[in-house]
Amino acid sequence: MRTVTLKRVVVTGLGALTPIGNDVNTFWSNLKAGVSGAGPITKFDTTEFKTKFACEVKGFDVEKYMDKKEARKMDNFTQYAMAAAHEAVADAGLNKEGIDKTKIGVIWASGNGGMLTFEEQIVEFTQANFVPKFNPFFIPKLICDIAAGQIAMKYGFMGINFCTVSACASSTSALVDAFNYIRLGKANVIVTGGSEAPVTRAGIAGFNALKALSTRNEDPQHASRPFDTERDGFVMGEGAGAIVLEEYEHAIARGATIYGEMIGGAMTCDAYHLTATHPEGLGARLGMEQALEDAGITTADVDYINSHTTSTPVGDVSELKAIVTAFGEHVEKVNISATKSMTGHLLGAAGAIEAIACIKATQEDIVPPTINTTVLGEGIPTNLNLTLGKAQSRPVNIAMSNTFGFGGHNAIVVFKKYTK
């Protein structure tokens, strides 16, 4: 019988394009400071829409990353992916000579792919009396996997390459897959993460139809209110997060900077409802327990949980039920925070930027805050440290990130402060 020795997996590069910062340092500084990225939607006329605000990326200049001709071949979600990957690849030094690119892969995520491309082309199709004169780049711009392909083509990465789609758990699923491929020896390095560009007419109207979005139009910056009695839905966000995962010995051999270590991950399913989480958080609890087991740690080792919490009435309560059940007596000693209160919900890209928040927390021993929560809602335990109002300094040796998606998808990852 073949014996497999699992390899260590470390983080050697980070990249971020978010509603509160177009690079990792700005994103992290604003996250610690409790800055909201919400504001009126600028991408289209919202007159007839129930929700008129979102957490948009601000000041994005695609020509920093490619020329206009190349940009026209990409949907916004792919442009965002290229920007975040550009920062992460440079940060990790993967663009240098002498690296075996046949062992560098890309596992990228998007829950929705080219929403704007699809919307624009169908509008043109109908306005042209259904004469099928589609742009030749319609399909390549639309499909979810194209971001992974574009990143690989730009840098010549010839290893594992695919896209994960598990709704709002997509980029965390990508991280788990990348982690497993590296520790099994199938790749030396994987650029992983996710991107999303859902601030479109169809995106906003579609989630409005589900009654999932906040309609606090008079006060967008305080609309994302995790755990609060007045929470009325999530705030749409957009952007991308990129993480370079690398086999430890490979990173050491090439003198890479190591930011942290990924030590565990798990994916489960609620098997319960089309869009709602299990009311008791059974799938989420199972995922956290499996992630801890995979990491070889106990609940007592965890210092920080970046919760999925989106500010929906049911979801916030069910996740805390899962955490309380999974963590038992230790639950009062762990910090929990909901950073979507600042970034909004980046759907398939949410897990990637929240993983970056966890990695930075272990580096700096700082837990970013949950903002906008003033009065805890019904069913929210009062004995938990939800990191309300401002960041808290504390030892953060191990951080966990939860992400959940429509269809009952749950994905959980665990990061550890790096030590040799």
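1. Asp303 and Arg394 form a salt bridge (a side-chain nitrogen of Lys or Arg within 4 Å of a carboxyl oxygen of Asp or Glu), with the closest N and O atoms 3.1 Å apart. Asp303 lies in the loop between helix 10 and strand 9 (304-306), and Arg394 in the loop between strand 12 (392-393) and strand 13 (398-405), so the pair ties together parts that are 91 residues apart in sequence. Helices (H or I, at least four residues) and strands (E, at least two) are DSSP runs, numbered from the N terminus. Asp303 is buried, at a relative accessible area of 10%; buried means under 20%, exposed over 50%, and partly exposed in between (1.4 Å probe, protein chains only).

2. The model is predicted: local features need pLDDT of at least 70 and side-chain atom pairs count only at pLDDT 80 or more, while totals for chains, interfaces and linings use all residues. Residues are numbered from 1 along each chain as its sequence is written, and side-chain values use heavy atoms, with hydrogens and water left out.

3. A second salt bridge to examine joins the side chains of Glu280 and Lys321 (3.3 Å, N to O). Glu280 lies in the loop between strand 8 (260-269) and helix 10 (282-295), and Lys321 in helix 11, so this pair ties together parts that are 41 residues apart in sequence. Glu280 is partly exposed, at 42% relative accessible area, and Lys321 is partly exposed at 32%.

4. Glu63 and Lys68 also meet in a salt bridge through their side chains (4.0 Å, N to O). Glu63 is partly exposed, with a relative accessible area of 46%. The whole structure holds 17 salt bridges.
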